[in-house]
Every structure is written in structure tokens, then in C-alpha cells.
Amino acid sequence: MASISVQEWLANLAPNIRAVTKQLRAVARKNMPKAHEFIYHDAIGYSVNDSPFDRICYIAPQKRGYVNFGFFFGAGLPDPEKLLIGEGQRLRHVKIWSVEDAKNPALAKLISATWSEAAESVARVHVKMKKDKA
């Protein structure tokens with residue numbers, strides 16, 4: 001089964017959600033220029049390599065008219081603007097309702113911060129998985 005391209009996937013979104021998603025994608029690509037981008041579980045995923053299991057963040061349109069920008073290692077990110085939502089050990093997300101929300105410089109800082117820690121964060125998960133299997 002061939003995987004769908006990001007462009008094909010975007011074409012299937014409602015116009016307002018597509019506009020927000022495209023803006024988020026532009027911000028993500030600017031702040032994570034070497035990230036691998038792909039569609040995984042009906043969202044755009046960003047990873048340090050080709051593996052969807054090593055994702056560090058994602059863009060996921062929601063049926064209620066907004067788009068989540070999620071951070072798999074968001075709990076430790078500096079968030080002075082208090083954008084991040086979530087209470088789990090690691091995962092956090094930001095609800096983006098408009099193109100203007102997607103342009104928030106505080107969001108770009110979160111994305112840049114998660115990218116700067118990405119390789120280290122993913123490596124810690126791999127070490128923990130190996131220990132858990134032993």
C-alpha cells in the first residue's frame with residue numbers, strides 16, 4: 001500500500017482547516033529544517049529520521065474546527081506563554097484555531113525548542129525501551 005503524500009492529504013481537508021494546517025506546516029518546516037515529514041495516523045508527523053515511531057511532534061486537524069500541534073516531549077519545554085495543554089508524563093499540544101494563531105512567535109519557539117532536544121529525547125526513549133525489554 002502506497003503512503004499518501006502530504007500534498008494529497010492536505011487536499012482532502014476543509015478549506016479553513018487546510019489554511020491553518022498549511023501555516024503550521026510552514027512554521028514547523030522553518031523551525032525544524034532537517035526534520036523528516038510524513039503522514040501517519042491521519043496527521044503530519046515530524047521525526048528525527050524516517051521512522052514514525054521517533055516522531056517528536058505532529059499536526060492533527062480536529063473535527064471541531066481547530067488543529068492540534070502536538071509535542072511528544074512537550075512536558076519539559078519552556079512555555080512562558082502557557083500555550084501547552086496536557087497533563088501526561090510527556091505529551092502536550094496547542095490548539096490552533098486560526099492562521100493568526102499559527103503565526104504566534106511563542107509557538108515557533110516551542111517548535112524550535114523541541115527540535116533542539118529531539119535527538120536526545122528520542123535516544124532516551126530508545127534506552128528506556130531496551131531496559132524495559134531486558
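Helices (H or I, at least four residues) and strands (E, at least two) are DSSP runs, numbered from the N terminus. The structure is a predicted model, in which local features need pLDDT of at least 70 and side-chain atom pairs count only at pLDDT 80 or more, while totals for chains, interfaces and linings use all residues. Residues are numbered from 1 along each chain as its sequence is written, and side-chain values use heavy atoms, with hydrogens and water left out. An open sheet of five strands has the order 1-2-3-4-5, with antiparallel pairing; two strands pair if DSSP finds at least two bridges between them.

**The sheet**

- Strand 1 (36-39) and strand 5 are the edge strands of this sheet, each pairing on one side only.
- From one strand to the next, the twist averages 20°. Axes are lines fitted to C-alpha atoms, for helices over the stretch in contact, and angles run from 0 to 180 degrees between N-to-C directions.
- Strands of a sheet pair through backbone hydrogen bonds, either parallel or antiparallel.
- Strand 1 and strand 2 run antiparallel and are joined by four bridges. In this pair, E37 has Y46 of strand 2 as its bridge partner.
- Four bridges also connect strand 2 with strand 3 in the antiparallel sense, and here Y46 stands opposite C57 in strand 3.
- Strand 4 (residues 67-71) and strand 5 run antiparallel, with five bridges between them. Within this pair, G70 is opposite H93 of strand 5.

- Contact means heavy atoms within 4.5 Å.
- Helix 2 (residues 15-31) and helix 4 (residues 105-116) pack against each other at an angle of about 45°, and their axes are 9 Å apart. Helix 2 is therefore oblique to helix 4. Angles under 35 degrees count as roughly parallel, over 145 as roughly antiparallel, 65 to 115 as roughly perpendicular and the rest as oblique.
- The crossing of helix 2 and helix 4 is right-handed. A crossing is right-handed if the near helix is turned clockwise from the far one by less than a right angle, and left-handed if anticlockwise.
- At this contact, L24, V27, A28 and N31 of helix 2 meet L107, A108, I111, S112 and W115 of helix 4.

**Buried strands and residues**

- Buried means under 20% relative accessible area, exposed over 50%, and partly exposed in between (1.4 Å probe, protein chains only).
- Strand 5 (residues 92-96) has four of its five residues buried, so it is largely enclosed by the rest of the structure.
- In a regular strand the side chains alternate between the two faces of the sheet. Strand 2 is covered on both faces: I44 and Y46 are buried on one side, and G45 and S47 on the other.
- S47 belongs to strand 2 (residues 44-47) and is buried, with a relative accessible area of 0%.
- A polar atom of the S47 side chain lies 3.0 Å from the backbone oxygen of S51. A polar contact is a pair of N or O atoms within 3.5 Å; within protein, one must be able to donate a hydrogen and the other to accept it, and residues adjacent in sequence count only if both atoms are side-chain atoms.
- Apart from neighbours within four places in sequence, S47 is in contact with A35, H36, F38, D54, R55, I56 and W115.
- A35 lies in the loop between helix 2 and strand 1 and is buried at 17% relative accessible area. Not counting residues up to four places away in sequence, A35 touches Y46, S47 and W115.

**Exposed loop residues**

- The hairpin of strand 1 and strand 2 has four residues between the strands, and H41 in this hairpin takes a positive phi near 50°. H41 is not a glycine, and it is exposed at 66% relative accessible area.
- D42 is found in the loop between strand 1 and strand 2. D42 has a positive phi of about 55° although it is not a glycine, and its relative accessible area of 57% makes it exposed.
- P80, in the loop between strand 4 and strand 5, counts as exposed at 70% relative accessibility. The C-alpha atoms of P80 and A106 are separated by 8.3 Å, with the two residues 26 apart along the chain.
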